[in-house]
Amino acid sequence: MTPRELLRLMAAEMAAAGVPDAEVDASLLLSHITGKNPMNLRLDSWSQVSLADAETFRALCEKRKTRTPLQYLTGVQSFLGRDFHVDERVLIPRPETELLAERAIALLREEKYPPTALDLCCGSGCLAISMALGVPSADVHAADLSEGALAVTKHNAERLHAKVTLHQGDLFSSIPEGTRFDAIVSNPPYIPAADCLELQEEVRREPMMALDGGADGYDFYRRIAEDAPRFLKEGGVLLLEVGYDQAQGVMALCRGAGFREVMAHEDYQHIDRMVEARL
């Protein structure tokens, strides 16, 4: 069977199963298996897909029909131009989180001395590793409660040759008292618990502990805002990704915790999706 024929067949099956963008996903899966350009595969009506590749492709398409996220099937998600390994143990990095990483890197580069940074709820390690690679002089730490997530961060750090110190624990619990950072960065769970039940099916396949922010979505923000001042240097910065309607609430929490310079930053859709607070 040619790539074009095979893609049309499996895309139709995935679309019938309710998979969004079935044609795109099918071409990306076949590209992942064959190493060939997705668009070229969609146009290829002359070559033949090997039996082994066709079997592997069909198996992945069957998993995609169950709404397993595409990134978990390929094992890869791009973040700031680098390929990060992802699997069911971690949240899939989103484009808006790249803005958080870019802002953190810019702030760390302003420091006169080798800076220190902490990524809370590190997941795949995309923030911590991006900071470490973007500011090679920085002493970067990453913390997560999930042992599986830390294993993924460790794997990505080794693959990308980034130096990151790992800590397993609930938010700041694994960070030694007296440790101070120039920047603390976090993309914590922030979806209200009831809303988690209404998420797209693919999103519900991601770790619920990385999504569920408690009854109102602010559980982690309250704890981080309260405890962060003890772990920040004088003039240190807290950077938080927030939900589309949470910026004002998180800013109020930061002001209540003693932060004096508090502002919000917009995402690509001009929605406030990042809060920056300085002691």
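The model is a predicted one. The structure holds 20 salt bridges, and it also holds four aromatic pairs, whereas the count of disulfides comes to zero.

**Cysteines**

- A disulfide is a covalent bond between the sulfur atoms of two cysteines.
- The closest cysteine sulfur to that of Cys121 belongs to Cys122 and lies 8.1 Å away, which is too far for a bond, since a disulfide requires the two sulfur atoms to be within 2.5 Å.
- Cys126 is likewise in no disulfide, the nearest cysteine sulfur being that of Cys122 at 9.1 Å.
- Cys121 counts as partly exposed, with a relative accessibility of 22%, whereas Cys126 is buried, with a relative accessible area of 7%.

**Salt bridges**

- Side chains of opposite charge can pair when their charged atoms come close.
- Glu13 and Lys65 meet through their side chains in a salt bridge, with a distance of 3.3 Å from N to O.
- Because Glu13 lies in helix H1 (residues 3-16) and Lys65 in helix H4 (residues 51-65), this pair ties together parts of the chain that are 52 residues apart in sequence.
- Glu201 is partly exposed, with a relative accessible area of 32%, whereas Arg67 counts as buried at 12% relative accessibility.
- Glu201 and Arg67 also belong to a network of salt bridges that links them with Asp25, Arg64 and Glu202.
- Between Arg222 and Asp216 there is another salt bridge, in which the closest N and O atoms are 2.3 Å apart.
- Arg222 counts as partly exposed at 36% relative accessibility, and Asp216 is partly exposed as well, with a relative accessible area of 31%.

**Aromatic rings**

- A pair of aromatic rings is described by the distance of the centres and the angle of the planes.
- The structure holds four aromatic pairs, and one of them is the stacked pair of Phe172 and Phe231, with 4.7 Å from centre to centre and 10 degrees between the planes.
- Phe172 lies in the loop between strand S5 (164-168) and strand S6 (181-186), and Phe231 lies in the loop between helix H11 (219-227) and strand S7 (232-241), so the pair ties together parts that are 59 residues apart in sequence.
- Phe172 and Phe231 are both buried.
- Elsewhere, Tyr190, Tyr218 and Tyr221 are linked into a cluster by ring pairs.

**Packing of two helices**

- Two packed helices are described by the angle between their axes and the distance between the axes.
- H11 packs with helix H12 (residues 247-256) at an angle of about 30 degrees, and the axes of the two helices are 8 Å apart.
- This angle makes H11 roughly parallel to H12, because angles under 35 degrees count as roughly parallel.
- The crossing that H11 and H12 make is right-handed.

Definitions and conventions
Residues numbered from 1 in each chain as written. Predicted model: local features only at pLDDT ≥ 70, side-chain atom pairs only at ≥ 80, totals over all residues. Heavy atoms only, no water. Buried < 20%, exposed > 50% of the residue type's maximum accessible area, 1.4 Å probe, protein only. Salt bridge = Lys/Arg side-chain N within 4 Å of Asp/Glu carboxyl O. Helix = DSSP H or I, 4+ residues; strand = E, 2+ residues; numbered from the N terminus. Phe/Tyr/Trp six-rings, centres within 6.5 Å; stacked < 30°, edge-to-face > 60°. Axes fitted to C-alpha atoms, helices over the stretch in contact; angles between N-to-C directions. Parallel < 35°, antiparallel > 145°, perpendicular 65-115°, else oblique. Left-handed = near helix turned anticlockwise from the far one by under 90°.
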